[in-house]
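Please keep the sequence and the structure in view while reading.

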Amino acid sequence: ILASRFQTILYYLRVYYYYNITNEEKDYIRCEKRVRGEIINVKECRQLLSHIALLLANESFTEPDYRCLMSHCLTCSEIIQINDLLVIIKELCQSEPSPLKNFKDNIDIVSFLYLLLSRRNSEMICLSLEIIILFYH
């Protein structure tokens with residue numbers, strides 16, 4: 001099964017636009033020896049790709065797209081990447097109409113976010129709480 005365009009962007013964010021290589025992520029990283037001498041603003045690249053992902057999601061977003069996003073959040077070891085992905089979920093919740101409403105009854109967002117709380121990152125905790133409030137608002 002081919003990945004959706006949304007899922008492909010998530011993949012690119014993780015394997016090409018990482019912030020720092022971590023031991024846990026080495027198997028996923030493509031382009032490990034990218035030239036850091038060239039000035040690449042990873043944060044800006046990630047923001048632009050995230051914006052494109054949101055545009056795609058607002059046109060067509062499926063439960064497998066959401067599950068892929070959730071999987072990346074749970075399996076990525078780089079906290080800052082997870083926070084970026086949580087921002088995508090938050091923005092999906094804020095979209096009118098929210099693409100998440102199509103399968104709201106099929107997903108347990110609280111249990112998923114609860115698993116992230118063990119990371120003990122204040123930004124992640126704040127984003128998780130904001131998402132829960134927005135999701136059930």
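**Aromatic pairs, cysteines and surface**

A search of the whole structure, which is a predicted model, finds 7 aromatic pairs. In one of them, the rings of tyrosine 66 and phenylalanine 112 have centres 6.3 Å apart and planes at 85°, so this pair is classed as edge-to-face. The pair links distant parts of the chain, with tyrosine 66 in helix α3 (residues 63–75) and phenylalanine 112 in helix α5 (residues 109–116), 46 residues apart. Both tyrosine 66 and phenylalanine 112 are buried.

Another edge-to-face pair is formed by phenylalanine 135 and tyrosine 136, with 5.0 Å from centre to centre and 85° between the planes. Phenylalanine 135 is buried, because its relative accessible area is 4% and a residue counts as buried under 20%. Tyrosine 136, by contrast, has a relative accessible area of 46% and is therefore partly exposed.

Which residues make up the aromatic cluster that includes Tyr66 and Phe112? One cluster is formed by Phe6, Phe61, Tyr66, Phe103 and Phe112.

The cysteines may be considered next. A disulfide is a covalent bond between the sulfur atoms of two cysteines. With a cut-off of 2.5 Å between the sulfur atoms, the count comes to 0 disulfides. Cysteine 73 is accordingly in no disulfide, and the nearest cysteine sulfur, that of cysteine 76, lies 8.3 Å away. Cysteine 73 has a relative accessible area of 0% and is therefore buried. Cysteine 93 is also buried, since its relative accessible area is 9%.

Attention now turns to asparagine 83, which is placed in helix α4 (residues 79–94). Leaving aside residues up to four places away in sequence, asparagine 83 touches Asn121, Glu123, Met124 and Leu127.

The last topic is the surface. Tyr114, Leu117, Ile125 and Leu129 make a nonpolar surface patch of about 380 Å². Within this group, isoleucine 125 is located in helix α6 (residues 122–136). The relative accessible area of isoleucine 125 is 31%, so this residue is partly exposed.

Terms used. Residues are numbered from 1 along each chain as its sequence is written. This is a predicted model: local features need pLDDT of at least 70, side-chain atom pairs count only at pLDDT 80 or more; totals for chains, interfaces and linings use all residues. Side-chain values use heavy atoms; hydrogens and water are left out. Patches are made of residues with over 30% relative accessible area and no salt bridge: like charges are joined within 9 Å, nonpolar side chains (Val, Leu, Ile, Met, Phe, Trp, Tyr) within 5 Å. Accessible areas come from the Shrake-Rupley method with a 1.4 Å probe; for residues, only the protein chains shown count as cover. A salt bridge is a side-chain nitrogen of Lys or Arg within 4 Å of a carboxyl oxygen of Asp or Glu. Helices (H or I, at least four residues) and strands (E, at least two) are DSSP runs, numbered from the N terminus. Buried means under 20% relative accessible area, exposed over 50%, partly exposed in between (1.4 Å probe, protein chains only). Rings of Phe, Tyr and Trp (its six-membered ring) pair if their centres lie within 6.5 Å; planes under 30 degrees apart count as stacked, over 60 as edge-to-face and the rest as tilted. Contact means heavy atoms within 4.5 Å.
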